[in-house]
Amino acid sequence: GGGHLQCEGQPAAAHAAAVPAATVGLVDPAQPVGLEMQAPWAALLLWGYKTVETRLYPLPPELLGWEVFIVESAEGQAGVSAVGDSVAAAAPGLRVLGTVVFGGSPAYADRAEWEADCYRHRVPKESPYGWKDGRTIYAWEVRSVRPFAAPAPPPAMRRAFRSIFALEMSDSCEGFETLQSRLGAPPRTDGAGGSIPTINLSPFVHGTEEEQQRVVDAVAAQCQYIGFLRVTWDSFPFEVVAAAQDAGRRLFACSSDEKHRWSKSGMQKLTRSYTSTGYRAPGSTENNKNRESWSCTAPEYSPMAVDAADAGYYASERGQQFFALDPDPQVPWPDESRVPGFRRAICEYHEEVERLGRVLLRIFARVLHCEEEEMLSMADKHVSPINLFSFTMGEGGEVLPAHADVSVFTILSHDTTLAAAGSASLEMLTPEGVWEPVHTMRGSFLVNLGQIMQRWSNGRLRATVHRVVPPVDGLPGAKRQSITFFQLLNYDAAVSVLPACCADGHAAKYEPQSVADWTADRLSGFYQPVEKRDVNKCWYNYNKDAYVA
């Protein structure tokens, strides 16, 4: 894989009339071409976080619809290339990360248009690459991406124009293995759910050894290609899911003042121990740009009911980062008089997804050749958050950038009532390098693998990158709501490569860490003061285990 291939669309010559003559004829379309990009922007482009590359010149028309190799150089000074005009093969400090197909490079009409597109190009307003009156910025729009299975040393190359290099190699590009080609052919699905099959777990829970193995094999086949699947079972809890979704709708319908009272920031705490976040307003965090949320961890935990044998786990200094000390509450529940039945509905929903989580852990233990009880013991006092999210049709722009979850796996349900909006707001980045909508299907939970599973499996199972875009269905004012359970482990459990996954001479790709240390590392940048926070680097750090192919 990785050849210099023309993709669907018009021949490059058809675009030439719309492109300034200065860039026409600069590149030989018969020779592979590379685009130099500094770190971390190269990886952010190849993994879907950045979907427009901005330049002060348009893409040469010969390259429209063709694969362009992304050559990553070290982070350096803005506007200054540290790469010479002629580069020897395997030059240090350079890596080829994959290929990108650009579908066009229109010019921004004005500052307002450039700023409105910031969720695609990701360039900060204060950046030297930002808008300046009197100069033209072009939007190189990404059509598809193909990350390599591993970064490759560069071939010999020479500068053709600005950051565009002619690569001295054959079209066959032998030695470059794309992630897609390494994964092989996709598993078969019934077609109703796109690339995501629905797997009935009842045979695993109640069936024979042979029936259980068929479920394990189906999960393994899917998750080695795309880390998304739907699961159901014969006694699926329709009423429990519906009650929790209804409770969420009633909570979010309350006034802003009321909802603020049902948050950690709206209460008076008496200890420095943990209390769940509760309500968050739109725009309050990077995770809540254009949506509101309510979240909690361990909703049935009570600091007054801890067994003496477990007191050291819950009340230790590290334990207080996840569990409350008396008299502070674990969860800032809404008033029962205002949202009757909310606490009961959420606890019953939590009980169902927690039970499902244990079944899935058993299945993945078999997939990864680990003892079931060993894996379950890593999550017998887990610190998994449950989040309710809601956003409104016709309001705001980007909802959530491309990312891979900081979890073992994530279990999600959507509001499927007739008035709900945006069932296809969730999109996943397929191994083919395109965004595929993930549709809601009643009577199932959507499961996607997180970065812990990718670490455990040494990259064999994929934490698939996904994003949330503004709703495309429904009437203005309609709500899009989801409930998301992020399965984590005990805070002191290890998120290391499992022994069976680094056998046969395969080196571990990830350094061992505890859940607490690993999650703190992934989230640390987001807790910096706003004036010091580099949001793009925060997301790069958050996703970096998923970027290890």
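Glu209, Gln212, Val215, Val216, Val219, Ala220 and Cys223 of helix H6 are in contact with Ile363, Phe364, Arg366 and Val367 of helix H10, where contact means heavy atoms within 4.5 Å. By type, the residues on this contact of H6 with H10 are eight nonpolar, one polar and two charged; Ala, Val, Leu, Ile, Met, Phe, Trp, Tyr, Cys and Pro count as nonpolar, Asp, Glu, Lys and Arg as charged, and the others, Gly among them, as polar. This is a predicted model, in which local features need pLDDT of at least 70 and side-chain atom pairs count only at pLDDT 80 or more, while totals for chains, interfaces and linings use all residues. Residues are numbered from 1 along each chain as its sequence is written, and side-chain values use heavy atoms, without hydrogens and water.

The axes of H6 (residues 209–223) and H10 (residues 342–367) come within 9 Å and cross at roughly 80°. H6 is therefore roughly perpendicular to H10 (65 to 115 degrees).

H10 also packs with helix H7 (residues 238–252), at an angle of about 135° and with the axes 9 Å apart. Among the H7 residues that meet H10 are Val240, Ala244 and Leu251, and the H10 residues there include Phe342, Ile346 and Tyr349. The residues of this contact of H7 with H10 comprise ten nonpolar, one polar and two charged.

A search of the whole structure finds zero disulfides, a disulfide being a pair of cysteine sulfur atoms within 2.5 Å. The sulfur of Cys501 lies 7.4 Å from the closest cysteine sulfur, in Cys502, which is too far for a bond. Cys501 is buried, with a relative accessible area of 13% (buried means under 20%, exposed over 50%, partly exposed in between, with a 1.4 Å probe and protein chains only).

Notes
Axes fitted to C-alpha atoms, helices over the stretch in contact; angles between N-to-C directions. Helix = DSSP H or I, 4+ residues; strand = E, 2+ residues; numbered from the N terminus. Parallel < 35°, antiparallel > 145°, perpendicular 65-115°, else oblique.
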